[in-house]
Amino acid sequence: MSENQTVMPRALLVPVKGILLPDHIAKDLDAVSAFCPHPSDILIAAFPKSGSTWTAEIVDQLLHNGDVESCRRAPITVRTAFLEASNRLRTKSGLHQLKEMAPPRVIKTHLPIQMVPVGFWEKKCKTIYVARNAKDTVVSFYHFHHMNLASPEPGPWESFVHKFMHGELAWGYWHDHVKGFWEEQEKRDILYLFYEDMKENPRREVERIMKYLDLSLSDDDIGHIVELTTFKNMKENPMTNFSFFPPEIYNQSISKFMRKGEVGDWKNHFTPEQSAAFDEDYEKKMKQANIPFKTEL
Ligand code: PPS
């Protein structure tokens with residue numbers, strides 16, 4: 001960061017209907033709730049750090065037949081809109097950006113299912129949810145809080161994990177987030193993806209997304225998309241690696257946005273005691289849900 005760049009104050013978290021949200025997002029939530037999508041809009045929902053950028057890139061590429069040029073036409077944050085984004089971190093809020101985009105728009109949200117604008121269900125918009133195992137999510141979120149200088153102060157790792165377990169981080173409990181969409185997936189025709197499945201067999205998951213979106217691409221085009229959306233290629237692509245984002249907000253000398261992209265990095269962060277306590281708490285909150293998360297491949 002150069003000396004004349006101002007330091008962005010870190011966000012505070014405020015409760016909205018029982019969910020903690022960054023203050024600059026909470027203040028406009030009524031307008032977000034009233035958003036009226038077009039039936040052709042595609043919603044990508046996820047708890048933070050679960051692979052929403054990856055999924056958004058795949059969807060945008062599917063809509064453009066894996067054409068390299070069209071997918072490099074603009075940063076991923078311009079090609080796809082972040083619904084509840086405020087204009088504090090971006091030049092335009094998500095709602096402002098959406099007004100300037102033509103359907104079908106790819107719209108990302110971190111909102112839990114009960115806060116998703118009802119218009120998405122009324123218009124029967126295609127909705128893709130991507131979930132990532134809790135331990136890798138909290139690790140990724142921790143590093144993100146360090147590099148995103150506008151996010152709330154992360155504090156030490158130990159207390160960050162504690163906050164994650166108790167729904168005290170932005171967007172609330174991970175547990176309720178993943179369960180909320182899981183329980184509604186059939187009723188609302190949601191495609192429920194797992195980050196770990198995408199790592200394990202990206203082609204299979206790209207094809208699932210393609211079919212869900214009622215698209216039909218050639219085997220070659222699908223192959224291109226799988227290749228262009230590998231972690232390595234998205235990390236090198238200036239339109240997906242957030243090098244376009246202001247460094248006074250995302251300081252990538254602290255940690256890259258495209259940081260590691262692995263399943264099982266939690267093993268490098270959790271002590272055996274932390275892992276055991278986390279598992280015990282997880283069991284209590286997740287037992288009934290029976291969601292097949294993988295914490296290693
Ligand atoms: S955000 O800020 O909430 O929108 O973050 P999100 O995009 O949902 O998740 C970021 C994590 O996803 C990883 N990522 C990928 N992993 C594998 N392959 C590809 N192509 C890919 N693209 C993004 C990214 O590196 C973050 O995870 P970590 O574990 O921090 O590396």
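Which residues in α3 meet residues in α12? Ile58, Val59 and Leu62 of α3 meet Val206, Ile209 and Met210 of α12, where contact means heavy atoms within 4.5 Å. The structure is a predicted model, in which local features need pLDDT of at least 70, side-chain atom pairs count only at pLDDT 80 or more, and totals for chains, interfaces and linings use all residues. Residues are numbered from 1 along each chain as its sequence is written, and side-chain values use heavy atoms, with hydrogens and water left out.

**Helix packing**

- Two packed helices are described by the angle between their axes and by the distance between the axes.
- Helices (H or I, at least four residues) and strands (E, at least two) are DSSP runs, numbered from the N terminus.
- Axes are lines fitted to C-alpha atoms, for helices over the stretch in contact, and angles run from 0 to 180 degrees between N-to-C directions.
- Helix α3 spans residues 52-63 and helix α12 spans residues 202-212; their axes come within 10 Å and cross at roughly 60°.
- The helices α3 and α12 are therefore oblique to each other; angles under 35 degrees count as roughly parallel, over 145 as roughly antiparallel, 65 to 115 as roughly perpendicular, and the rest as oblique.
- The crossing of α3 and α12 is right-handed, a term that applies if the near helix is turned clockwise from the far one by less than a right angle, whereas anticlockwise is left-handed.
- By class, the contact of α3 with α12 has 6 nonpolar, no polar and no charged residues.
- In this classification, Ala, Val, Leu, Ile, Met, Phe, Trp, Tyr, Cys and Pro count as nonpolar, Asp, Glu, Lys and Arg as charged, and the others, Gly among them, as polar.
- Helix α9 (residues 157-165) packs against α15 at an angle of about 5°, and their axes are 11 Å apart.
- The helices α9 and α15 are therefore roughly parallel to each other.
- On the α9 side the contact is made by Trp157, Glu158, Val161, Phe164 and Met165, and on the α15 side by Gln274, Ala277, Phe278, Asp281 and Lys285.
- The contact of α9 with α15 divides into 6 nonpolar, 1 polar and 3 charged residues.

**The nonpolar core and a covered helix**

- A nonpolar core is a set of buried Ala, Val, Leu, Ile, Met, Phe, Trp, Tyr and Cys residues joined through side-chain atoms within 4.5 Å.
- Buried means under 20% relative accessible area, exposed means over 50%, and partly exposed lies in between (1.4 Å probe, protein chains only).
- The largest nonpolar core has 91 residues, and those with the most contacts inside it are Ile128, Tyr129, Val178, Tyr192, Ile209 and Phe293.
- Helix α8 (residues 134-147) gives the most to this core, with 7 residues.
- Isoleucine 209 is in contact with Ile58, Val59, Leu62, Ile128, Leu191 and Leu193, leaving aside its neighbours within four places in sequence.
- Helix α10 (residues 174-184) is mostly covered, as 8 of its 11 residues are buried.
- The buried residues of α10 include Trp174, His175, His177 and Val178.
- The elements that cover the buried residues of α10 include β3, β6 (126-131), α8, α9, β7 (190-194) and α15.

**Individual residues**

- Leucine 43 is placed in strand β3 (residues 42-45) and is buried, with a relative accessible area of 0%.
- Not counting residues up to four places away in sequence, leucine 43 touches Ile107, Thr109, Val116, Phe120, Lys126, Thr127 and Ile128.
- The C-alpha atoms of leucine 43 and cysteine 125 are separated by 7.0 Å, although these residues are 82 residues apart along the chain.
- Glutamine 274 is placed in helix α15 (residues 272-286) and is buried, with a relative accessible area of 10%.
- Glutamine 274 touches Trp157, Glu158 and His269, not counting residues up to four places away in sequence.
- Glutamate 200 is placed in helix α11 (residues 195-200) and counts as partly exposed, at 43% relative accessibility.

**Backbone features**

- The peptide bond from proline 103 to proline 104 is cis, with omega near 0°, and proline 104 is in the loop between α6 (94-99) and β5 (106-109).
- Lysine 17, a residue other than glycine, has a positive phi near 45°.
- Lysine 17 is in the loop between β1 (13-16) and β2 (19-22) and is exposed, with a relative accessible area of 71%.
- Lysine 49 is not a glycine, yet its phi is positive at about 70°.
- Lysine 49 lies in the loop between β3 and α3 and counts as buried, at 13% relative accessibility.
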